[in-house]
Amino acid sequence: MSRMDKYKKIHEESQKDEKKPLGFRREMKKDPKAASEKARYEDPVYEQPKEPFREPEEEFYYEDHYQEPKKKRFGFKMPSIKNPFKPKPKTPYEPNPNKKRRWRRTLVMILIAILGYSVISFGIGNFAAKHDSSMPKIETQEFNGVKSENGKRNILLLGSDTRDNISGRSDSMMVLQVDGFGKPKLVSFMRDMYVNIPGVGQNKLNAAYAYGGADLVRQTLKENFGIDCRYYAMVDFQTFEKGVDALFPRGVQIDAEKDMSSYIDAPISKGPQRMNGHTLLNYARFRMDEEGDFGRVRRQQQVMQSVFGQLINPLVLLRGPYAAGKIWGYLSTDMPNTYVVSHLLNFAKAVGGIDRLTLPVDGSWSYIDTDNAGSALAVDTNQNAQSAQGFLGK
């Protein structure tokens, strides 16, 4: 057998041995020396360090980076509606809006409580006056009042010594304007002025009430002085006394001008003092001195000024609604409650003072003796009308 045939046979036998299935695989032993020699000539493998996880960065574009224009989409977008009551977020320079709302809520609650107390007290006082058996009832008179040319609604105030509708003469006559700007205005008329009374003729001004009640007084003031009145309020002496005593149980603080004793129930001494309703009425009505009706009109204005000025006392304010309801129940007036409520703040301005004017003005009158009215005051009606209209029309 040749050498080539011998190698070929050995190769075929080795191929047959590899194809035979073996029950187990024999692990070949590794030669450590050969492994070290192999690793010597191979490239070393280094372990790569693990990088920490990072979020993908946003892609920035330079201004010159070209971007395709977006296509416009046609669609209806609902407008955003802001809640006006939603508080704004607090900033270091602004107070807490919730704190503001708490203050407002507290203020509203206080105002509601005061209003409720005032309404209830007014109702109780009004009920007590209307059911007072010691005071005769009085009916509302017919009064055709109109607004003045400047739109103001003047109030005719009448003081009488009787609660009858039309009997006796009016002791005091005034016109009060509260719906203007600034302080309330008060015009006082001296009752001895000799004027023309519509349908009656020449007579003293205070005789107009005896002839035709409050409405004839309104017509007389309009004809002689050009003053229009929208409402009237008639106060008798008993009502005045009860109202003052209800408002000021300790009396009204007033500075008496002089000593008085003639034709009054009790003498009054000069100087500061407290007067109850009855004494204050005597002080306002006194005229038995050298000034006569001029002094009485001045003292009537002083009394009204003192009463309004002392209404600011907190204790008086607490009694105010009850006393106002009581006086309102005694009054004869055509003023609606809506007018009084809507002009309550204007009435309250009287606490700060009242602008006053007395007719006749200086230099416009003189004493005369008349056949039908005795001693009276002859007045220049044109001069006094200009003064009164200028005063009320400011």
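D380 caps the N-terminal end of helix α11, with one of its side-chain oxygens 3.3 Å from the backbone nitrogen of N382. Such a polar contact is a pair of N or O atoms within 3.5 Å; within protein, one must be able to donate a hydrogen and the other to accept it, and residues adjacent in sequence count only if both atoms are side-chain atoms. The structure is a predicted model, in which local features need pLDDT of at least 70 and side-chain atom pairs count only at pLDDT 80 or more, while totals for chains, interfaces and linings use all residues. Residues are numbered from 1 along each chain as its sequence is written, and side-chain values use heavy atoms, with hydrogens and water left out. Helices (H or I, at least four residues) and strands (E, at least two) are DSSP runs, numbered from the N terminus.

Within α11, the residues N384, A385, A388, F391 and L392 are buried. They cover an arc of only 135° around the axis, which puts them on the same side of α11; the arc is that of the directions from the helix axis to the C-beta atoms. An α-helix has 3.6 residues a turn, so residues three or four places apart point the same way. On the other side of α11, N382 and Q386 are exposed. Here buried means under 20% relative accessible area, exposed over 50%, and partly exposed in between (1.4 Å probe, protein chains only). The buried residues of α11 are covered by elements including β2 (170–177), β3 (185–189), α4, β10 and β12 (374–379), where contact means heavy atoms within 4.5 Å.

Six strands form an open sheet of mixed pairing, in the order β9-β6-β1-β2-β3-β10. Strands β9 (332–333) and β10 (355–359) stand at the edges with a single partner strand each, so one side of each is left without a neighbour in the sheet. Two strands pair if DSSP finds at least two bridges between them. Strand β1 (residues 155–160) and β6 run parallel and are joined by six bridges; I155, for example, has Y231 in β6 as its bridge partner.

The loop between α4 (207–225) and β6 (231–236) contains D228. With a relative accessible area of 9%, D228 is buried. Its side chain makes a polar contact of 3.2 Å with that of K222. Apart from neighbours within four places in sequence, D228 is in contact with V146, K147, S148, E149, N154 and K222.

Side chains of opposite charge can pair when their charged atoms come close. A salt bridge is a side-chain nitrogen of Lys or Arg within 4 Å of a carboxyl oxygen of Asp or Glu, and the count by this rule comes to 13. One of them joins K242 and D132, whose closest N and O atoms are 3.8 Å apart. Because K242 lies in helix α5 (residues 237–247) and D132 in the loop between α3 (97–130) and β1, the pair ties together parts that are 110 residues apart in sequence. K242 counts as partly exposed, at 29% relative accessibility. In another salt bridge, the closest N and O atoms of D192 and K204 are 3.6 Å apart, and both residues are buried.

K258 is buried, with a relative accessible area of 19%, whereas E291 is partly exposed at 26%. Both belong to a network of salt bridges that links E257, K258, D289, E290, E291, R298 and R299. D289, in the loop between α6 and α7, is in contact with K258 and R299 when neighbours within four places in sequence are left aside.

Two features of the backbone remain. Most residues other than glycine have a negative phi, and most peptide bonds are trans. A cis peptide bond, with omega about 10°, joins L359 and P360. Y263 has a positive phi, near 60°, and is exposed at 75% relative accessibility.
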